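Hi everyone, thanks for coming. Let me put it up on the screen.

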Amino acid sequence: MNHSRGPLCSIDVGERTAESVSIDDILESSIGGRALGTRLAHDRIPFDADPLGPDNRLYFATGPLQHSTMSFTGRMSATGVSPLTDGLLSSNAGGFLSRNFTGTGYSAVEITGASDELVIVHVRDEVDESHSSGSETASRPRVEFEPVPELAEATVPETCAYIEDEHGLGSEHTVVIGPAGENEVRFASIMTSEERAFGRGGLGAVLGAKGVKAITFDGDSTREIELPALQMEIHGEAAQSENPMKAQGTTSVTEYANMVEALPTRYFSELSFEGIEGVSGDRVEEKKYKKGTCSSCAFACKLPTRDEESGLETEGPEYETLMAFGPNSGVDDIVDVMQSNKLCDELGLDTISAGDTVAAYLASKDEFGNAALIHDLVERIAYREGVGDLLAEGIDRIHDELGVENWTAKGMEFPAHDGRTLNGQGLAFATSNRGADHMYAEFYPYEYPLVDADDAFDKAGLEGKPPKIVELENINVIKDSAVLCKFSRDFITEARLETLLDADYDELLAIGSEIVSLERHFNNQRGFDREDDTVPYEIPDFEQGLEAYYDERGWNDDGTVPDAALEGSTDIVADD
């Protein structure tokens with residue numbers, strides 16, 4: 001099986017130490033990315049770790065496909081205990097970082113401890129040095145800790161500019177937090193390539209709590225991984241595709257979702273938006289002024305947008321951002337949504353959680369559509385100023401104080417693709433170990449449908465859906481571990497995935513199943529069980545669907561994982 005290669009670089013930012021850790025045995029069964037991060041986290045993070053304490057650890061990892069030049073491979077994974085959900089969580093980001101990360105020669109980088117001053121951590125490829133006997137050589141990590149008190153509460157662009165000016169490294173070499181991360185906003189993101197986000201779950205706050213403003217990755221030690229020639233065939237198909245996402249990104253689904261009443265509106269009080277024309281995919285396409293892509297990808301579905309009248313430039317908004325700051329906030333002007341998107345990127349906020357939380361406040365004050373207030377609230381959240389200090393905690397912790405319903409699952413704010421209409425996606429929100437994350441199972445394309453009719457399901461009810469949810473959750477682990485963009489679904493068939501990873505599809509599904517169970521097992525130790533597998537609305541036959549899901553997974557009726565569902569952890573030994 002093709003998998004990442006290279007040691008783990010374990011960095012303690014409190015002790016200012018770094019060591020190289022052999023993890024070859026784990027890599028052989030983990031592929032890389034999310035699976036690798038989950039195994040490491042399960043074995044190395046205490047089950048009772050405070051998400052914002054020094055015992056929490058954050059893992060960055062790529063997969064074997066980042067050693068290719070194939071489309072859909074400009075991504076990587078980050079894993080840690082979420083300050084938003086209090087459970088183990090992996091987040092995924094695109095952009096241009098992944099191949100600079102592989103240049104360090106590491107398969108994963110671990111950040112632990114906590115610094116007593118704000119620092120940038122610089123990670124380079126290892127240095128060979130002689131043992132005292134002179135007869136052997138060993139490698140040591142080349143990691144530097146740079147105090148940067150002057151960057152306190154600097155925005156993402158300001159921090160990236162500093163790193164480029166002082167170190168000659170562009171934003172494609174960096175992960176950065178904004179003021180939101182430093183102020184431990186529970187849905188703070190980690191930004192890379194300046195405008196791409198490890199968005200969901202608040203991992204930016206984990207870096208902030210550790211006193212890490214940024215990490216840079218650079219080197220010339222990419223490991224050799226032999227991959228099949230199929231990668232070039234896929235790359236060519238991506239270049240020639242006429243998929244509507246190439247023009248409108250994920251916003252190409254906006255009007256259809258509105259038509260079938262799956263678009264959350266005015267803090268989830270409605271399912272369609274009468275002002276959709278002002279924030280449709282067509283409006284986004286009108287503002288797009290050049291192509292945008294991720295590393296080595298010819299699909300180019302990103303959205304560099306500009307409003308000529310105001311001079312506002314941003315990347316996006318993507319569909320979920322558009323939902324949260326558009327219909328769900330009662331806003332029908334695409335430029336207003338673009339401004340919200342830009343502020344979140346600069347300040348380091350997850351656009352979905354930020355937009356939904358703002359919408360909750362708007363609902364409590366009957367201020368839907370007030371764009372000026374929205375933009376003010378985003379800034380107040382990032383700096384925890386005034387009411388922003390309350391909103392920075394997220395809906396699950398503050399809904400009672402606001403007097404609104406708790407529109408979260410496992411503490412995470414909802415994306416679009418509303419489960420009240422798309423019932424299978426609703427069940428998938430409930431079962432997801434990450435909480436309300438549409439990309440965990442990614443079931444919604446089968447209910448719109450955005451897939452071939454033979455694979456589609458009726459939107460209503462749960463008949464036949466639990467086994468498919470399990471399969472999709474499992475294979476998405478593999479995509480997040482390879483690492484593959486989810487938008488490769490029209491190009492990466494089961495057979496092609498087998499070829500790329502040199503493994504049988506059933507073998508890959510088994511790895512995915514084990515990782516989902518490891519996530520669940522970790523969360524079980526933190527108190528999660530069946531009572532947490534829920535959504536704030538009724539779905540027909542929900543309890544029966546949930547039981548069918550547990551049966552398919554081989555889990556207990558209370559949502560806990562039996563020992564038989566786990567393969568066990570592999571010992572990790574530090575290099576001498």
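So, the chain has 22 helices and 17 strands. Its radius of gyration is 22 Å, close to the 25 Å that the globule rule gives for 576 residues, so the chain is as compact as a globular protein of that length. Please keep in mind that this is a predicted model.

If you are thinking about box dimensions, the C-alpha atoms fill roughly 75 × 50 × 50 Å along the principal axes. How much of the chain is buried? Buried residues make up 64% of the 576. As for contacts with a separation of 6 or more, 71% of them are between residues 24 or more positions apart.

Now let's zoom in on our pair, helix H19, residues 465–482, and helix H22, residues 542–553. Their axes come within 8 Å, and they cross at roughly 50°. The crossing of H19 past H22 is right-handed.

Which residues meet there? On the H19 side we have Pro 466, Pro 467, Ile 469, Val 470, Glu 473 and Asn 474. Across from them, H22 brings Gly 545, Ala 548, Tyr 549, Glu 552 and Arg 553. Sorted by class, this contact of H19 with H22 has six nonpolar, two polar and three charged residues.

That's my tour, so over to you for questions!

Terms used: Residues numbered from 1 in each chain as written. Predicted model: local features only at pLDDT ≥ 70, side-chain atom pairs only at ≥ 80, totals over all residues. Heavy atoms only, no water. Axes fitted to C-alpha atoms, helices over the stretch in contact; angles between N-to-C directions. Helix = DSSP H or I, 4+ residues; strand = E, 2+ residues; numbered from the N terminus. Left-handed = near helix turned anticlockwise from the far one by under 90°. Contact = heavy atoms within 4.5 Å. Nonpolar A, V, L, I, M, F, W, Y, C, P; charged D, E, K, R; others polar. Rg over C-alpha atoms; globule rule 2.2 N^0.38 Å. Buried < 20%, exposed > 50% of the residue type's maximum accessible area, 1.4 Å probe, protein only.
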